[in-house]
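Me: I've just opened this structure and I'd like to learn how to read it. Could you walk me through a few features?

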Amino acid sequence: MKYYIGIDLGGTNIVAAVVNENYEILTKASTKTNRPRPAEAIADDMAKMALQAVADAGLTIDQIEWVGVGTPGIANSETGVIEYSSNLGFENTPMAEYIKKHINKPIYIENDANAAAYGEYVAGAAKGSNNAVCITLGTGVGGGIIIDGKIYAGSNFGGAEIGHTVIQVDGALCSCGRKGCFEAYSSATGLIRMTKEKMEIAPESKMHAITAERNGKVSARTAFDAMRMNDIPAKQVVDDYIKYLAAGITNTINIFQPDVLCIGGGVCNEGDPLLLPMKALVEKEVYTRNSAKNTKIVIAELGNDAGLIGAAFLGATKK
């Protein structure tokens, strides 16, 4: 049996896992990222968590094939350098070199969304496909692209930023500085913004009562919950959200024509009220709507484990 280490470096937590050749997570170890702080200190903790996970699995580091890391930002998978990460405050950070001081194994670095997409490709919703795209609807809209079994990151390792394609010219301001990005409308953050905007002009909406019951907090669930209570303003928010989501997904399919497009993130927990109308819009608008073979749209299966499993198998992409 072969074993690998996958590390998910996040803005809040560092999680390391030991994964076997059957894509099974054996153990996990985690700690707070505690940013901002020096990259070498963060690398120290990444190595500590990795070694702890190995010990907890009853293994030794000699039994580990390699270490893979998923990180926010632009990660140069050839040099092991995190070229830029706004979330972590990194710029031209030689992360693989830092980790190798503690763990003398091959170290592979990749963007976290790409790592998660690869996890779904090898062990999750996109398993068995040749070409796949994974989109995560979270605080932002993350993207990962697999072409012929390989992670596509572009010539500068900044590819797959699907969330920063524009679907509404001169629309809502995005965190990237552009207006009208897919992310500004289809992320959980975008859904919350649209919900608040509708509540301001619809004092009669049941969304106000729902928010009051939840300590005044508007969430990505608010509009969907009120819609289920036959609230008209909430239904308008949900309909708009689905329209924008379908537009972004249709654009992505038209460009890549993957075998599978999987979507993940908390918003997907809404199930059929989200998925069925979204799929209907995509089927109506996608350019290949008359094709005998169209992209299969599915829900991501691995959740937070996708990034760990994908990171653990990064070494396989180098062979």
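This is a predicted model: local features need pLDDT of at least 70, side-chain atom pairs count only at pLDDT 80 or more; totals for chains, interfaces and linings use all residues.

Me: Where is Ser205 found?

Reply: Look at the loop between helix 5 (188-201) and helix 6 (207-213). The side chain of Ser205 also makes a polar contact with the side chain of Asp231, at 2.8 Å.

Me: Is Ser205 buried or exposed?

Reply: The cut-off for buried is under 20% relative accessible area. Ser205 has 4%, so it is buried.

Me: Now a helix. Which residues of helix 9 are buried?

Reply: Leu274, Leu275, Met278 and Val282. Viewed down the axis of helix 9, these buried residues fall within an arc of 80°, so they line one face. The face turned away from that buried side carries the exposed residues Leu276, Glu283 and Lys284.

Me: What do the buried residues of helix 9 pack against?

Reply: They pack against helix 7 (222-227), helix 8 (232-256), strand 12 (260-264) and strand 13 (296-299).

Me: And the cysteines: how many disulfides does the count come to?

Reply: A disulfide needs two cysteine sulfur atoms within 2.5 Å, and here the count comes to 0. Take Cys181: the nearest cysteine sulfur, that of Cys176, is 3.8 Å away, and Cys181 is in no disulfide.

Me: Is Cys181 buried or exposed?

Reply: Cys181 counts as buried, at 0% relative accessibility. Cys134 counts as buried too, at 9%.

How values were computed. Residues are numbered from 1 along each chain as its sequence is written. Side-chain values use heavy atoms; hydrogens and water are left out. Helices (H or I, at least four residues) and strands (E, at least two) are DSSP runs, numbered from the N terminus. Buried means under 20% relative accessible area, exposed over 50%, partly exposed in between (1.4 Å probe, protein chains only). A polar contact is a pair of N or O atoms within 3.5 Å; within protein, one must be able to donate a hydrogen and the other to accept it, and residues adjacent in sequence count only if both atoms are side-chain atoms. The arc is that of the directions from the helix axis to the C-beta atoms. Contact means heavy atoms within 4.5 Å.
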